[in-house]
Amino acid sequence: MTEQSLHLRVRAASDGCYVAPRAAALSGVPLSTVYWWARRGIVVPSVSPTREKLWSYADLIGLRIVSWLRHAKPGQLPASPMPEVRRALALLADQGLEMWDPAAGRGPLIVDGRGSIFVRRGDTVLDSLGQPTLLPEHHLGLTEPFSLGAVTGPDLLAPPRHLRIVPTKVSGEPHIEDSRITTITLAALAARGYGIPQIAQMYDVSEAVVEEALDLEDQLAQPHPAAA
């Protein structure tokens, strides 16, 4: 990753949004798929859907949800058909719900062991046709570490030990716990030639924490396959 690329991503993060490569890396969805879904209206970037597309944290949850639903899961959990995915997304809109609920710390979509999709609104659970039903005994946690073959995504709430992702803090960017120091800021300094001891002293944190931050940014910078 070049220093110029890092600078652009730092600027986008400070504006409370994610450029396409960042959105792809955090959600665990290939970049080409992120763009394809945006063009097809499946997951449209809510911050800016125009030529310079910008995704929000809720959009990352949306990308992850659709990708997870569209693939077979560990334990033989099947893929959910795209028509059912579209029905579930339409139901969210009809119910006035967002992909991510900051107050509840979770998203309203649930997937059961058959790959069927449900929407949770308060204490009520609806199937993808909008009919009330019981909460599935087993369902997927969509903020947990994401892995489908060669495509991976970090835990969207608690990445490595001393790092956090909080939707309402520093625009949902990965950051050092109990601070507003983002991992991408530390990576930008490293790209400019600052060593780990220098960065640690600059921000009064341990070198181990800086290493965690740089390791996470290295993971996010890894190229994804061209298609999901």
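Good morning. I begin with D178, which is exposed at a relative accessible area of 75%; here buried means under 20% relative accessible area, exposed over 50%, and partly exposed in between, with a 1.4 Å probe and protein chains only. This is a predicted model, in which local features need pLDDT of at least 70 and side-chain atom pairs count only at pLDDT 80 or more, while totals for chains, interfaces and linings use all residues. Residues are numbered from 1 along each chain as its sequence is written, and side-chain values use heavy atoms, with hydrogens and water left out.

D178 lies in the loop between β8 (175-176) and α6 (183-191). Helices (H or I, at least four residues) and strands (E, at least two) are DSSP runs, numbered from the N terminus. The phi of D178 is near 60°, a positive value in a residue other than glycine. For background, most residues other than glycine have a negative phi. D204 also has a positive phi, near 55°. D204 sits in the loop between α7 (196-203) and α8 (207-221), and is exposed, with a relative accessible area of 71%.

Let me turn to the chain as a whole. The chain contains 8 helices and 8 strands, and buried residues make up 46% of its 228 residues. With contact meaning heavy atoms within 4.5 Å, residues 24 or more positions apart account for 53% of the contacts with a separation of 6 or more. The chain exposes about 11400 Å², of which carbon and sulfur atoms supply 51%; accessible areas come from the Shrake-Rupley method with a 1.4 Å probe, and for residues only the protein chains shown count as cover.

Helix α2 (residues 20-27) is largely enclosed by the rest of the structure, because 7 of its 8 residues are buried. Those buried in α2 are A20, R22, A23, A24, A25, L26 and S27. Just after α2, G28 takes a positive phi of about 80°.

Helix α4 is mostly covered, with 12 of its 13 residues buried; among them are D59, R64 and W68. From first C-alpha to last, α4 reaches 18 Å, close to the 18 Å expected at 1.5 Å a residue. That expected span is 1.5 Å times one less than the number of residues.

Now the aromatic rings. Rings of Phe, Tyr and Trp (its six-membered ring) pair if their centres lie within 6.5 Å; planes under 30 degrees apart count as stacked, over 60 as edge-to-face and the rest as tilted. By this rule the count is 1 aromatic pair. Y35 and W55 form that pair, edge-to-face, at 6.3 Å centre to centre with 70° between the planes. The pair links distant parts of the chain, 20 residues apart: Y35 is in helix α3 (residues 31-40), and W55 is in the loop between α3 and α4 (57-69). Y35 counts as partly exposed at 33% relative accessibility, whereas W55 is buried at 0%.

Finally, the sheet. Two strands pair if DSSP finds at least two bridges between them. An open sheet of 4 strands runs in the order β1-β2-β3-β4, with antiparallel pairing. Its edge strands, β1 (109-111) and β4 (132-133), each pair on one side only. Helix α5 (residues 82-94) packs on the sheet, touching β1, β2 (117-121) and β3, and its direction makes about 10° with that of β2. Axes are lines fitted to C-alpha atoms, for helices over the stretch in contact, and angles run from 0 to 180 degrees between N-to-C directions. Strand β3 (residues 124-127) is joined to β4 by 2 bridges, and L126 stands opposite P132 in β4. Thank you.
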